[in-house]
Amino acid sequence: MDCNGCEFRPELYYDDQYQIWARREEDGSLTVGMTDISQTIAGKILHVRVRKPGTLRPAGKPVATIESGKWAGPVPNVFDCVIEAANHDVLEDPNLLNIEPYEAWIARVKPAGNLEEALALLVTGETARAGYCERTRREDIHCERGAR
Amino acid sequence: MQWRVIDTGVRRAAENMALNRALLDARQADESPSTLRFLRFTPCALLGFHQSAEQELNLEYCAEHGVDVQRRITGGGAIYFDETQLGWELYLHKRDLGTADMSVITRRICEAAARGISALGVNAVFRPRNDIEVDGRKISGTGGAFDGDALMYQGTLLIQFDVEKMLRVLRIPAEKLADKAIASARERVINLADLLGDVPALEKVQASIQQAFAAEFGVEFMPGGLNATEQRRYEEALAEIDTPDWVDMVQKPVSDRPLLEAVQKFAGGLLRVRVAYDKPTERLKQLWFTGDVFLQPKRTLADLEAHLRDSPLERLDENIAAFFSGRPADMLGLTPADFATVIKAAVAAEKEQA
């Protein structure tokens, strides 16, 4: 299925707008990053800020904020969670988010409640692929990766 | 279709920032119509969302002169705002724009704003990435914030602004406050009042900008005020934003951002550069060139400073080459490589000290 050149990974979990991805870790935490769609829309990312480890982030409050071309905005969060760690490579070189959005994770978080309940708020697999591709076509988003 | 227009008058920075947050959140929650807001400020220094006050501002000066220090929710650099500028802001839903591409949105809004300013009898044009200029001099700077499907885009409009006041609140090399340096900074901006020969009535300026946005988006503006949920969101946002915690949300040590300097003699003359250098990321945050050099067009140095703003040191040579390629500049013996040489000398001196 063509997603306008936007990379999709079926093993990851996504919010219903495909702004963020989450990967399930063995210790019950989730690793969170931006999708290819999000990094494309943002353009070259100049700043990333992640809340301090230990901070509780309720659903709807951002896990992190980004800035590109004088636009600032959130990396959204759809379930209550506690920040465990930030990816320091990304904090120092935010452009990594434009180069490898699925490798350059932003934060590791622990759902405040049950992990399964948090994952139930997200979509994954082929259902996610269909929605992801549908958004690229509906909004005419053609993904482009950054260069070093 | 109807959009709302609000004029919130002259307010403290904290109140204006809290209104940014409240109106953007309310737009995102679909509790508000798309809105144009006009706003003004009592004297304040406004940081970009990810900036640190220590690194960007002369905090002592701000405290002594009653200049409020606040953090915007939009990106970009630190600015000074007072009653001599008019602020304009749009709060929109992505549906209003038909695209998610941030640079396309910026262009569309800025070109419309430029038409609104031009209708007053001047020739204002959008200059990417984020400025509106008249004859190469900045009259409006802009920036945006987004949240889900909602976005806010805001700009300044210089009406009777004195750029010296802005230079004094910023953390810049002391030499930039010398008479000659201030005069040169003044040449890079322009006030609407100077262009028109008289201070225009605020209502007239606002009406012109409003009309340009109405034409661009095919809407009609209805005057209004805050609704009840916006008022509640505003009070909540003010409680968060009107605090040192919000202003100091990003704290970075001044020692990470030294102001470096080098001067070197080349065949084309003496070139001096001062560099605000970010050590952790090895980026040139800002540059100031001076010296005994002859360049035409005159704005070449200012344009090069802007081109290299916030750029990685490791890409300096290619960035300078890219700037000069396709740009005819008469430099009387000075070469593009000379600029790279003097900048590297400034940074090298710092590295040796470390």
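A polar contact is taken here as a pair of N or O atoms within 3.5 Å, where within protein one must be able to donate a hydrogen and the other to accept it, and residues adjacent in sequence count only if both atoms are side-chain atoms. By that rule, six residue pairs (both at pLDDT 80 or more) are in polar contact across the interface of domain 1 and domain 2 of chain B. This is a predicted model, in which local features need pLDDT of at least 70 and side-chain atom pairs count only at pLDDT 80 or more, while totals for chains, interfaces and linings use all residues. Residues are numbered from 1 along each chain as its sequence is written, chains are lettered from A in the order in which they are written, and side-chain values use heavy atoms, with hydrogens and water left out.

**Domains of chain B**

- Chain B is divided into domain 1 (2-247) and domain 2 (254-353), with bounds that come from an automatic or database domain assignment.
- The centres of domain 1 and domain 2 of chain B, taken over C-alpha atoms, are separated by 30 Å, and their contact (heavy atoms within 4.5 Å) takes 13 residues from domain 1 and 14 residues from domain 2.
- Between them the two domains of chain B bury about 1200 Å², 48% of it on carbon and sulfur atoms, buried area being the accessible area (1.4 Å probe) that two parts lose on being put together, summed over both.
- Four salt bridges are counted between domain 1 and domain 2 of chain B, each a side-chain nitrogen of Lys or Arg within 4 Å of a carboxyl oxygen of Asp or Glu.
- The side chains of B:Arg274 and B:Glu175 meet in a salt bridge at 3.1 Å, N to O.

**Interface of chain B with chain A**

- Contact between the chains involves 30 residues of chain B and 20 residues of chain A.
- The area buried between chain B and chain A is about 2300 Å², of which 55% comes from carbon and sulfur atoms; in chain B, the residues B:His50, B:Met102 and B:Phe146 lose the most area to chain A, together 28% of what that side buries.
- Between chain B and chain A the count is zero salt bridges, whereas nine residue pairs (both at pLDDT 80 or more) are in polar contact.

**Strand pairing**

- Strands (E, at least two residues) are DSSP runs numbered from the N terminus, and two strands pair if DSSP finds at least two bridges between them.
- In chain B, strand E12 (residues 259-266) and strand E13 (residues 269-278) pair in the antiparallel sense over eight bridges, and a hairpin joins E12(B) to E13(B) through two residues.

Key: Helices (H or I, at least four residues) and strands (E, at least two) are DSSP runs, numbered from the N terminus.
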